[in-house]
Each structure stands twice: as structure tokens, then as C-alpha cells.
Amino acid sequence: MQFYVDGYRPGDPEVVPAAPNRRAPREIPAEVDVLVVGTSPAGVVLSAQLAEFAEINTLVVERREGPLQLGQADGVACRTVEMFNAFGLAEKLMREAYWVNETTFWGPREDAQGIHRTGRIDDVEEGLSEYPHVIVNQTRMQQYLLDNMANSASKLVPEYGVEFVDLEVSDSGDFPVKARLKRGDELHEVNARYVVGCDGARSAVRKSLGISLNGDAKNHAWGVMDVLAVTDFPDIRLKSIIQSPNGGSIVLIPREGGYLVRFYVDLGDLDPIDRDARSRFTLEHIIASAQEILAPYTLDVRDVAWWSVYEVGQRVADRFDNVLPETRGSVIPRVFIAGDACHTHSAKAGQGMNVSMQDGFNLGWKLAAVLRGQASPELLDTYNGERPPIAQELIDFDTKWSSAMAEKPRDPEHPELGGMDAAERQEIFQQGGRFTAGLATVYPPNLLTGEATHQDLATGFPIGERFYSAPVVRVADAKPEQLGHEACADGRWRLYAFADAAPLDSADSRLAALCSFLEHDDAAHPGDLASDSLLGSVDFRAVLQQPHREVDVTALPAALKPLTGKFGLVDYEKVYSPNLRSGRDTFAERGIDRQQGAIVIVRPDQYVAHVLPLDATEELAAFFARFSAESTNV
């Protein structure tokens, strides 16, 4: 974390001084840049990203009277922890959370008299991420982000008790979206440049756009409860997938704090004609079902923090913004939907909150780049291009996993009757490991993602996938770091230059030539990476091949020692070496071509956008020019 760049100030460095001309609390302005409807997981991530830019006038409204207090999602994928690191929140999250280190599988005993353990595996495959899969309540996740917003220069806080009514989108004007909001008996009209509906499965914003959710209910009910209980079940503090002889199933998730446990309990099929069937289930019914499934082990529930009953179903919207297919490319998207507003599914895959937060992270920096004049409005079309396929992948995986959880045990004497045994469930779980870790997302080539022409230069950074961090040593102060952890949620692109074999001070050094190009060549403009301002938002860093003690800091190019802040202070945190002391060589681990080196371009949402040779300066400039503010065709 870097601070004091513009002068020393006492106190918590994470609490940023307020920007001037902030909106007063409980004020609903007539005009805003972005109106965010709802403080769902997608909504708070989006809002936290926009809060980084005090010059953007953001209004966040929530129909509830205050922040979420109980229940709902709790599984936090490795990828989500990586994203939280960009907000400076990963360490706080991991300190409080339960770590899902292993998962056990339980199935019917051979005599069908109760259950026994059939398998035990690592929950996350070794090496997928430097962060674990963790469990922490959605309310805490959201509060971390709400606190982050309040500590920013924008001092952004939601306006609670405000209900979204409807909206209209015009074809022209600086504020083409007119939204109507209601607080108590007062009706407010807000004119916005952009509106984002993060208001849940019954989204009023989605309905205003005439977008429907497509999919089916599975007519199968599950109960969920967070409990404090006494039990002799041996894996009560391990994530457990349990299948009983009578066909009932439990997904058991230990919770943070050492005592609380979540049970997802199979309640069986529902009559599709009986619309009130789900509402007749009680807490007592859920507890009794859990006790029956766990037999011969006992379960004595002493306290219940939260419970609910839900019906399995998978639905996804046919588009995630207001632009009709026939006008795509000729109309700027102005209204978006994110999270449960555009995809719903069961909770057992543990991906709903995670995918929703990635929706918000994908869209937030794009809105900021357009509003700050750094990118063309065409950039906003990529949200609808990138996120619906990911939502569909979630639906497909959730359908497969939910079906596996609802399957009856296979009868060895009558295999023709179908069913599934515990070993098959375990295999399906393991096959979905990358997805449940949040690492299966791959963005195809588009405006923001290049072709894999030069992928061989950096095979460990696949284009379109999230940037996989690697251990390094910061040259200036010999501090061991994770390279990916240096990226903050500040809307900036990252340009990582991995050095070629030639010494940096030699005439043959491709890295030195790249630095010279970025410092002086007109082709790099708009852009001056010596001051971190390519399109106003690029953070340029280099990883050298030699050990950090062999690097002469005074001889580094100016592009790697940029002057920053109002005092023109030198930023020394741009150059790294492999962490050879730990026995880990970044170049070997991430498949970097040692002879040629490589440029790895990373998006503000931490996905690899392109891999280029160090001397591909024309291609580098052309890539950023594709979505620069001057490139608009709309």
C-alpha cells in the first residue's frame, strides 16, 4: 500500500480525506452519473469500484431500511478472495472466515443402516490460487465493501428506504435515463447517464426493460439453516456432502467463528400444481429431516440464527442491458442488470454471490473509464458480450450439481433403476473444481481480449483467464510480494514486462527499448507510461531475470522509476526479481520465454487481455487504441 504521496497526514491511511463538493447524506439529486439500484453482492462491488472515483457522481439506493443483517450466501471462491485483495480486504476476510480446506463425502452403509464416510479430498486443487476457498456471511462481505466505500474520497453511502419505481430511456441528452424513486410518500425523479439494476431476482429494473428470465423450476425443495448444535457426527467442522439410505441429502458447511454450521437439507420433490407446497415447510421439518439423514449420528439443535426454504431452479436473462439485438453497435447501453437480476440458481454450487460480484467488478471499471473520458462508450457493449456466457456456464454447472445432489442412492442389486452412489458424486465435485474455485471464466477474443498469437511467450498467463499471481521480490526494498497483489481496484490497466535475456543496460535489451518507447515515442500516445497515464490508466511494472541484489536501482529506466504526485516523488515499487530464495522462479512457474521475454497486459478486473513480444510496440499501441475515447463508432 502506498500513501503520503501528496504529503504526510496522521491517522488511518485507508481513510481517505473527503473530496470537495460531496453530496449531503439523505439527498436524492436531480442528476447523477450512475444510479445503482440495490445493495446486493453485485451492487456493493460495483459501488465500491465507482467510489474510487470521487469525480463520478454515484447514487446507490436500497429499498430496505438498512444493510443486510442475516442469512443468504456464505461461500467465497478463491477468485473472489483475489478480487477482494484489489480492494485491500483479502487479509481481513481470511482472518474472520472459515477456511474450507477439505471436503468429505458420506454415503449409505452396505447394510443401509445409516451413513459412513466414503471419501475425503482437498477442497481446492493444489496450485489453483494462492488464496483458499473460505466461508463468511454475505452480510460481512457486504459490510467490508460498504466500509470501503465510506472510507473513500467520495464517502459514498447507500440511501436506504428508497424504492425504485420505473425508468425511461431517451435517445439523446447528457442524462438520457429518467428514473423514478420513492422514499416514503415522496416521489423523486433522477436523471442519470447510466443505471444499473442490482435489485435481485424480482428486479424492478429488469422488468422496466421488458427483459424476462428464461429457465425452469425443478420442483424440488431444499431447506437451509444456520445453527448452533451439539452432535456426534465426526465431520461437523468439515465441509461434507452426505447421502442417506433413504435418498435424502445434506450439504454441510461449517461457518466462521468455530461453532456455527450451515445445513442444506433435501426436502424432496414438490407438486408443481401446488403453489403453496414450499411455504408449508417449517423449521421443525428441516431439523427433523437433517436428523434422519445423519442417522445413526445425533443432532441436537440449540439455536437457529437463520433459516429458509427454497425451490431449485435455474434461469438466465436473454440480455444484460437495454440494447436490443438488432440495434447492438449503433446504440450506447445505458441501463444494465447484474447479479440475481439476470441469473438465478440453487445455492449448493456456492457460486451465486461469487458470479454476481464478478458481474459488478466487470462493469464497474468500464463505466468509470467511459465517464472519465478514457475509453469509448463501445467498451460498455463488452459487458453484455462477456457476462451472459458466464451466467449460462453457472446455470449448466448448477443444474448438473443440483441433479447429482437430488439423485437417490443406487441399489447395487437393481442398477437398472438408476440413482447415484457417493463415489460418483465425489467425481462430479472434483471435475467442477476450477468452476467452484471461480477460475473457469475464460473471455474469448473481443475488443478487450487479444488473439493467442504470442501465447507461447507466457504460457502460464492464458489470454482471457484471470491473471495468476506469482511470488516475486521487490527490488528496491527486498520485500517478498505476490505480483498480482500489487494491483488495486483503481480502474487502471496493468502492463507487466518480463525481461528478455539481454542485460537491461545493453543495446540489445528489448525491455530497455520498450521503456524508451513508452517514455518518448509519439506512437505511445495518448499515453506516457513514465507517469502511469496511458489512456490515463496504466500501471507499468517489470520483472527482471537476475536476483534483486544484482540490480542497480540507479540505472533503471525512467519508465520504471516514474515521478508521481504533486511533489514529483519517485515511485520505487515498479521493479521485481524472481523470489529465488524461496526456490520459486516466476519465469519457470509461469512459462515465460527467457530469451525473448514478454509483455502481459492485464485488465482492471484482473483478467489477461493480451500477451505480446517486448518489441511489439506498434501492436501494443494499436491494442489500446481499439477502445480509446477517440475510437468510438457509436
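**Close-up views of a predicted model**

**Figure 1. Surroundings of Leu 89.** Leu 89 is located in the loop that runs between helix 2 (78-86) and helix 3 (90-96). In this predicted model, the residue has a relative accessible area of 6% and is buried. Leaving aside residues up to four places away in sequence, Leu 89 touches Phe 84, Tyr 144, Leu 145 and Asn 148.

**Figure 2. The open sheet with strand order 3-7-4.** The sheet consists of 3 strands with antiparallel pairing. Strand 3 (75-76) and strand 4 (98-99) are its edge strands, each pairing on one side only. Between strand 4 and strand 7 (residues 134-135), the antiparallel pairing extends over 2 bridges. Trp 99 has Val 134 of strand 7 as its bridge partner.

**Figure 3. Salt bridges of Glu 465 with Arg 434 and of Glu 573 with Arg 474.** The structure holds 41 salt bridges. In the pair formed by Glu 465 and Arg 434, the closest N and O atoms are 3.6 Å apart. Arg 434 belongs to helix 10 (433-436) and Glu 465 to the loop between helix 10 and strand 19 (471-474), so the pair ties together parts that are 31 residues apart in sequence. Arg 434 is partly exposed, at a relative accessible area of 36%. The side chains of Glu 573 and Arg 474 form a salt bridge with an N to O distance of 3.3 Å. Because Glu 573 lies in the loop between strand 24 (569-570) and strand 25 (575-578) and Arg 474 in strand 19, this pair ties together parts that are 99 residues apart in sequence. Glu 573 is buried, with a relative accessible area of 19%, and Arg 474 is likewise buried, at 6%.

**Figure 4. Salt bridge between Arg 584 and Glu 589.** The closest N and O atoms of this pair are 2.8 Å apart. Arg 584 is partly exposed, with a relative accessible area of 35%; Glu 589 also counts as partly exposed, at 31%.

Figure 5. The whole structure contains 23 aromatic pairs.

Key
Residues numbered from 1 in each chain as written. Predicted model: local features only at pLDDT ≥ 70, side-chain atom pairs only at ≥ 80, totals over all residues. Heavy atoms only, no water. Phe/Tyr/Trp six-rings, centres within 6.5 Å; stacked < 30°, edge-to-face > 60°. Pairing = 2+ DSSP bridges. Helix = DSSP H or I, 4+ residues; strand = E, 2+ residues; numbered from the N terminus. Buried < 20%, exposed > 50% of the residue type's maximum accessible area, 1.4 Å probe, protein only. Contact = heavy atoms within 4.5 Å. Salt bridge = Lys/Arg side-chain N within 4 Å of Asp/Glu carboxyl O.
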